[in-house]
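Look at the fold below before reading on.

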Amino acid sequence: MLTPLNFPKTPLKLSRKGEEIYVWDIFRKKKLMLTPEEWVRQHVLHFLIQHKAVPEPLIAAEYAIEVNKMTRRCDGVVFDRTGKAVAIIECKAPKIKLTETVLHQIAQYNFKLRVNWLILTNGLQTVVAFVDQATGDISYFEEIPPYQEMVK
């Protein structure tokens, strides 16, 4: 059973193979098993396109970066039109609480990408943080900003 999320319904292309449910990922152009985390990722990335005016080609899903000589994957990264990363999205399954540890994970990714916006969600709760790269100050926001705000 898929947990209802605090995101608007999104028209995902779902299919079934036996007991397994799959989703067509428009970002990676392939069918993926619909895990609870993937359910959240698909909703937040589609939300960015449909409700925050993020151009679909400027979103990368499962974006690989190197942190401490290890390959890590950001669940989502939003880029500006010059190809510079402006936001990192970290998704957790709905049953995973958004703790300090989870925030630390996204902060580690940001040492590499140096973005201003960190978006952390389990589909039920979303934490949006603005990181001033010049001062290191962090401000929290009630909701995900529109794309034009992210690229300022």
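A residue is called buried when its relative accessible area is under 20%, exposed when it is over 50%, and partly exposed in between, with a 1.4 Å probe and protein chains only. The model is predicted: local features need pLDDT of at least 70 and side-chain atom pairs count only at pLDDT 80 or more, while totals for chains, interfaces and linings use all residues. Residues are numbered from 1 along each chain as its sequence is written, and side-chain values use heavy atoms, with hydrogens and water left out.

At 0% relative accessibility, Asp-25 counts as buried. Its side chain meets that of Arg-28 in a salt bridge, at 2.6 Å from N to O; the term stands for a side-chain nitrogen of Lys or Arg within 4 Å of a carboxyl oxygen of Asp or Glu. Arg-28 has a relative accessible area of 22% and is therefore partly exposed. Asp-25 and Arg-28 belong to a network of salt bridges that also links Glu-38, Arg-41, Glu-62 and Asp-75. Side chains of opposite charge can pair when their charged atoms come close.

The whole structure holds nine salt bridges. One of them joins Lys-29 and Glu-56, at 4.0 Å from N to O. This pair links distant parts of the chain, 27 residues apart: Lys-29 lies in the loop between β2 (20-25) and β3 (30-33), and Glu-56 in the loop between α1 and β4. Lys-29 is exposed at 52% relative accessibility, whereas Glu-56 is partly exposed at 32%. In the salt bridge between Lys-92 and Glu-90, the closest N and O atoms are 3.3 Å apart. Here Lys-92 is buried at 14%, and Glu-90 is buried at 2%.

The element names used here come from DSSP runs, numbered from the N terminus: helices are H or I runs of at least four residues, and strands are E runs of at least two. Two strands are said to pair if DSSP finds at least two bridges between them. On that basis, β1, β2 and β3 form, in this order, an open sheet of three strands with antiparallel pairing. Its edge strands are β1 (14-17) and β3, each of which pairs on one side only. Between β1 and β2 there are four bridges, in the antiparallel sense, and Lys-17 stands opposite Glu-20 in β2. Helix α1 packs on this sheet, where it touches β2 and β3, and its direction makes about 30 degrees with that of β2. Contact means heavy atoms within 4.5 Å; axes are lines fitted to C-alpha atoms, for helices over the stretch in contact, and angles run from 0 to 180 degrees between N-to-C directions.

The other sheet is also described as open: six strands in the order β4-β5-β6-β7-β8-β9, with mixed pairing. β4 (59-67) and β9 (138-141) each have a single partner strand, so one side of each is left without a neighbour in the sheet. Neighbouring strands of this sheet are turned by 35 degrees against each other on average, direction ignored. Strands β5 (residues 70-79) and β6 (residues 85-91) pair in the antiparallel sense over four bridges, and Ile-89 in β6 is the bridge partner of Gly-76. Helix α1 (residues 36-52) packs on this sheet as well, touching β4, β5, β6 and β7 (117-121), and its direction makes about 145 degrees with that of β6. Helix α2 (residues 100-113) touches β4, β5, β6, β7, β8 (126-131) and β9, with its direction at about 155 degrees to that of β6.

How enclosed is α1 by the rest of the structure? Twelve of its 17 residues are buried, so the helix is largely enclosed. Among them are Trp-39, Val-44, Leu-45, Phe-47 and Leu-48. After α1 comes Ala-53, whose phi is positive, near 60 degrees.

A nonpolar core is a set of buried Ala, Val, Leu, Ile, Met, Phe, Trp, Tyr and Cys residues joined through side-chain atoms within 4.5 Å. The largest one has 29 residues, of which Leu-45, Leu-48, Val-78, Ile-89, Ile-144 and Met-150 touch the most other members. Its largest share, six residues, comes from α1. Leaving aside residues up to four places away in sequence, Leu-45 touches Phe-27, Ile-59, Ala-61, Asp-75, Gly-76 and Ile-89. A second, separate core of 20 residues includes Val-77, Phe-79, Leu-98 and Val-127.
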